[in-house]
Amino acid sequence: MALEAAGGPPEETLSLWKREQARLKAHVVDRDTEAWQRDPAFSGLQRVGGVDVSFVKGDSVRACASLVVLSFPELEGWPCPEGRGAAQLTVTLPVAP
């Protein structure tokens, strides 16, 4: 999808994204729901993970997305020895700060 001459997506698309964001927000759980969350030792927690998207310096379109999943409490890669993945991508959507 072209971003209308680098001016951004069409208003209709922005409106769709805003509605989807509001729909997803309604499903956010803001309290502990699992037993391990209430245990100071986190017993029962098996994996932790993180994701990040970083733009190429000076470029608002090219980026690198990364994902890391580790066993807990050992913090070893899971399920592969590296426990991570990365990909270069072209961003066609606005990114929320």
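**Exercise 1. Which residues do ring pairs link into a cluster?**

Solution. In this predicted model, the cluster consists of W36, F42 and F72, joined by ring pairs. The number of aromatic pairs is two. The next exercise takes these pairs in turn.

**Exercise 2. Classify the pair of W36 and F42 as stacked, tilted or edge-to-face.**

Solution. A pair of aromatic rings is described by the distance of the centres and the angle of the planes.
- Step 1: the centres of W36 and F42 lie 6.4 Å apart, and pairing requires centres within 6.5 Å.
- Step 2: the angle between the planes of W36 and F42 is 55°. Stacked pairs have planes under 30 degrees apart and edge-to-face pairs over 60, with the rest counted as tilted.
- Result: W36 and F42 form a tilted pair.

**Exercise 3. Classify the pair of F42 and F72, and state where its two residues lie.**

Solution. 
- Step 1: the ring centres of F42 and F72 are 6.1 Å apart.
- Step 2: their planes stand at 90°, so this pair is edge-to-face.
- Step 3: F42 belongs to the loop between α2 (35-38) and β1 (47-55), while F72 belongs to the loop between β2 and β3 (84-90).

**Exercise 4. Decide whether W36, F42 and F72 are buried, partly exposed or exposed.**

Solution. Buried means under 20% relative accessible area and exposed means over 50%, with partly exposed in between.
- W36 has a relative accessible area of 27%, so W36 is partly exposed.
- F42 has 36%, so F42 is partly exposed.
- F72 has 23%, so F72 is partly exposed.

**Exercise 5. Describe the setting of S71.**

Solution. 
- Step 1: S71 is part of strand β2, which covers residues 62-71.
- Step 2: the relative accessibility of S71 is 13%, so S71 counts as buried.
- Step 3: neighbours within four places in sequence are set aside, and the contacts of S71 are then Q46, R47, E76 and W78.

**Exercise 6. Summarise the whole chain: what is its pattern of helices and strands, and how much of it is buried?**

Solution. 
- Step 1: the protein chain has two helices and three strands, arranged along the sequence as α-α-β-β-β.
- Step 2: the chain has 97 residues, of which 9% count as buried.
- Step 3: the accessible surface of the chain is about 8,000 Å², and carbon and sulfur atoms hold 58% of that surface.
- Step 4: among contacts between residues at least 6 apart in sequence, 37% join residues at least 24 apart.

Note on methods. Residues are numbered from 1 along each chain as its sequence is written. This is a predicted model: local features need pLDDT of at least 70, side-chain atom pairs count only at pLDDT 80 or more; totals for chains, interfaces and linings use all residues. Side-chain values use heavy atoms; hydrogens and water are left out. Helices (H or I, at least four residues) and strands (E, at least two) are DSSP runs, numbered from the N terminus. Buried means under 20% relative accessible area, exposed over 50%, partly exposed in between (1.4 Å probe, protein chains only). Contact means heavy atoms within 4.5 Å. Rings of Phe, Tyr and Trp (its six-membered ring) pair if their centres lie within 6.5 Å; planes under 30 degrees apart count as stacked, over 60 as edge-to-face and the rest as tilted. Accessible areas come from the Shrake-Rupley method with a 1.4 Å probe; for residues, only the protein chains shown count as cover.
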